[in-house]
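These are my notebook entries on a single structure. I record what I looked up and what I found.

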Amino acid sequence: MAIQKGDQIPDGTLTEFVEVETEGCSLGPNAFKVADLAKGKKIAVFAVPGAFTPTCSAKHVPSYLEHYDALKAAGIDEIWCVAVNDAFVMGAWGRDQKVNGRIRMMADGSGLWTKQLGLELDLTERGLGVRSQRYSMVIDNGVVTQLNLEQGGGYEVSDAETMLKQL
């Protein structure tokens, strides 16, 4: 069963490619527990079927970059882009999209967290394996307060503009 508004997010691990080494984070892929990252924060999450794909690159990421300041002003602490890709790919995509730290490009390499959410999408027949459905959600201290799930590969409700109206 898919996660719903009001549910606690499942604990899992997401990986992020860290560009600049800091205390506690080495250069390269770093694994983070979702529950630890979400504690005490309001996070805007949007998930895409794959990095470097047309709609994701031309619309989804740019939407959140364009509305970054407005989302922050509306109380969002962090913005995450989640995809069933590895951290190296997500890091390269973040550089390509010029996110510059405004969006955390979070890799769910094997899709385990996506499966825990019940939001996986089997694209095996198209040569892509199991991916994530396209959605957005707001996580407030570990609880889903908004969930916008796209239907049939669309891009109608998971954009930053829709999320801003809900905040």
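Predicted model: local features only at pLDDT ≥ 70, side-chain atom pairs only at ≥ 80, totals over all residues.

**Entry 1: cysteines**

My search of the whole structure accordingly returned 0 disulfides. I also looked up the surroundings of the two residues. Cys 56 counts as buried, because its relative accessibility is 0%. Cys 81 likewise has a relative accessibility of 0% and counts as buried.

**Entry 2: salt bridges**

I began with Lys 33 and Asp 11, which form a salt bridge whose closest N and O atoms are 3.9 Å apart. The cut-off is 4 Å. Lys 33 belongs to strand E2 (residues 28-33), while Asp 11 sits in the segment before strand E1 (13-18), so this pair ties together parts that are 22 residues apart in sequence. Lys 33 is partly exposed at 38% relative accessibility, and Asp 11 is partly exposed with a relative accessible area of 38%.

I then turned to Arg 104. Its salt bridge with Glu 16 has closest N and O atoms 2.6 Å apart. Arg 104 lies in strand E5 (residues 104-107) and Glu 16 in strand E1, so the pair ties together parts separated by 88 residues in sequence. Both Arg 104 and Glu 16 are buried.

Arg 104 also meets Glu 78 in a salt bridge, at 3.3 Å from N to O. Glu 78 is in strand E4 (residues 78-83), so this pair links E4 to strand E5 across 26 residues of sequence. Arg 104 counts as buried because its relative accessibility is 15%; Glu 78 is buried too, with a relative accessible area of 15%.

Which residues are linked in a network of salt bridges? I list Glu 16, Lys 41, Glu 78 and Arg 104.

**Entry 3: Ile 43**

I located Ile 43 in strand E3 (residues 42-48). Its relative accessibility is 0%, so I class Ile 43 as buried. Which residues is Ile 43 in contact with, leaving aside its neighbours within four places in sequence? The contacts are Leu 37, Ala 38, Ile 76, Glu 78, Trp 80, Met 137, Val 138 and Ile 139. Glu 78, listed here, is also a member of the salt-bridge network. For Met 137 I looked up the separation from Ile 43: 94 residues in sequence, but 8.2 Å in space from C-alpha to C-alpha.

**Entry 4: helix H4**

Which residues of helix H4 (residues 87-97) are buried? I find Ala 87, Met 90, Gly 91, Trp 93, Gly 94 and Gln 97. Viewed down the axis of H4, these buried residues fall within an arc of 165°, so they line one face of the helix. The elements covering them include E1, E2, E3, helix H2 (54-66), E4 and E5.

I checked both ends of the helix. Just after H4, Lys 98 adopts a positive phi of about 55°.

Methods:
Residues numbered from 1 in each chain as written. Heavy atoms only, no water. Salt bridge = Lys/Arg side-chain N within 4 Å of Asp/Glu carboxyl O. Helix = DSSP H or I, 4+ residues; strand = E, 2+ residues; numbered from the N terminus. Buried < 20%, exposed > 50% of the residue type's maximum accessible area, 1.4 Å probe, protein only. Contact = heavy atoms within 4.5 Å. Arc of directions from axis to C-beta. Disulfide = S-S within 2.5 Å.
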